[in-house]
Each structure stands twice: as C-alpha cells, then as structure tokens.
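Biologist: I would like to learn how to read a structure feature by feature. Show me the structure, and I will ask as we go.

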Amino acid sequence: MPLSLDGYRSAQMPSVLLIEDDAPIRTSLTRSLRDRGHAVSSASTALDGLRSAVEDRPDLIVLDLGLPDMDGADLLRMLRAVSRVPVIVATARDGEADMVRLLDAGADDYVVKPYSAAQLDARIRAVLRRIDTGRTDTSLTVGTLRVDPGSREATLDGAALDLTPREFDLLHYLAARAGQVVTKRELLTEVWRIPYGGTDKTVDVHLSWLRRKLGETAQRPRYLQTVRGVGVRLTAPPSPGE
C-alpha cells in the first residue's frame, strides 16, 4: 500500500514510473526493468507523468528531459514542489553545468544517454538503498545542531533551518562524519553524485550558503571548519568559557 507521495513503498517489487516520449526506448526499458524485478508504468508526456506520479505514487521516477509538452527540468521542479519521490534524470546533456543544475533542482541521480538497462537498474537500486537508509537513520546531533534524515529537517539552537535539498544533503553528509575532514572531491562524488569532472567551486558556493544559514562565515567559523588544501570538517563549537 502506498504510504504517501513523499515516501516510497518498502515493497518486494519496487514500482518505477518511466517518463519517456520515445516509444521504442520506452518499450525496451519497460520490458528490461520488469525482467529485473521492477513494477514499471510509463508516460510519454510531462503532464501524463505528473498525473501518474500523483495518482500512482511510484517508488522512483526515471525522467527523460526531452519531452514534447514540457522540458523535463521544469517537470522536475513541479515534482519537487509536491513530492520527495526519488528521481533519476535521463539526459543527453552531459555538460557539468547541466548536471549540477539538475542535481541542485532535486534530482537524486542521472544517467547520460545512451545507457543500458543494466546501468539504469543498478542506479535505481542504489538510489532506493540510499533513500531507505536515510529514512531509517536516527537523527544526528552536533553541539546544538540537529539533523534528522527521516524528516529531512535540521535545527540550530532549536530553530528550524531553511535549507534547500542540496544544502540538507551536504549538512547531513558532514554531520554523519562529524570531526572528520571530508575532501571536496568526496563531497562531489557522494553528495552531488559527480564521480569525475566536477569543480571545487560547486562545493565552495554551497558551503558558503550553508555557513550563512548556520550564522557563521569562513573568517569566523563555528561549525564548518576549513582545512586548507584538504577539505572541510563539521565540529561542535566550544562551550562558553572553554
């Protein structure tokens, strides 16, 4: 039974909604994913896909960007306005700027065309494992900072932090490794899902935004400590008097 549009079902057979306008690709992927143990439904337009996402509540969506009635990136933003259902973007756009933009808009992963059904299946299983782990993890506390992966909420001194999805993912990754130095390359790989070709500037910009929301700056850090030439470390600030 579906739980909500914001969750996915912990079922034996994950349900996948494939939003793809190319009929041969849609038919081939549907057959291949079903053979690999997924319950697959499909839509050929953005509006039909949005309707299916709301009514059928799939465990995960595979979203093609080149749709006839709307750019897939716009549909992704519409989905994120109402749901946290995992989305894997399928795209021929392999530029770094496009990838970062889509991930920042709320995509959980992406595959670049042409791709095989086996690769897509592996990414679907990886995303669902990651989401499942996030939902069962207990909240993390570092000083007066609390990060709850289940509700995807973070508070500082008891006040809610207004974080974007990417900022929350970044904060959660660092909080789960509190006290450890994390490299920017690791953050690009694990948070942005860019295993190669990314730039440190992407991380630097998001760390700057996160610092602002934590009430600190790079010059006057509290939680986010820069380790020059290595990376960043999240630590609890010293108590007054220490």
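Biologist: Which backbone nitrogen lies 3.5 Å from a polar atom of the side chain of Asp 64?

Modeller: Ground rules before the case. This is a predicted model, where local features need pLDDT of at least 70 and side-chain atom pairs count only at pLDDT 80 or more, while totals for chains, interfaces and linings use all residues. Residues are numbered from 1 along each chain as its sequence is written, and side-chain values use heavy atoms, with hydrogens and water left out. A polar contact is a pair of N or O atoms within 3.5 Å; within protein, one must be able to donate a hydrogen and the other to accept it, and residues adjacent in sequence count only if both atoms are side-chain atoms. Here the backbone nitrogen belongs to Gly 66.

Biologist: Is Asp 64 buried or exposed?

Modeller: Buried means under 20% relative accessible area, exposed over 50%, partly exposed in between (1.4 Å probe, protein chains only). Asp 64 has 5% relative accessibility, so it counts as buried.

Biologist: What is Asp 64 in contact with, beyond its neighbours within four places in sequence?

Modeller: Contact means heavy atoms within 4.5 Å. The partners of Asp 64 are Ile 19, Glu 20, Asp 21, Gly 72, Ala 90 and Lys 113.

Biologist: Where is Trp 192 placed?

Modeller: Helices (H or I, at least four residues) and strands (E, at least two) are DSSP runs, numbered from the N terminus. Trp 192 sits in the loop between helix 7 (184-190) and helix 8 (200-213). Trp 192 is buried, at a relative accessible area of 0%. Beyond four places in sequence, Trp 192 touches residues including Val 100, Arg 166, Leu 187 and His 206.

Biologist: Which residues touch the most other members of the largest nonpolar core?

Modeller: A nonpolar core is a set of buried Ala, Val, Leu, Ile, Met, Phe, Trp, Tyr and Cys residues joined through side-chain atoms within 4.5 Å. The largest one has 50 residues, and Ile 61, Leu 75, Leu 145, Leu 171, Leu 174, Leu 187 and Trp 192 touch the most other members. Helix 6 supplies the largest share of this core, 6 residues. A second, separate core of 17 residues includes Leu 60 and Leu 128.

Biologist: In what order do the 4 strands of the open sheet run?

Modeller: Two strands pair if DSSP finds at least two bridges between them. The order is 6-7-8-9, with antiparallel pairing. Strand 6 (140-142) and strand 9 (159-160) each have a single partner strand, so one side of each is left without a neighbour in the sheet. Strand 7 (residues 145-148) joins strand 8 (residues 153-156) through 4 bridges.
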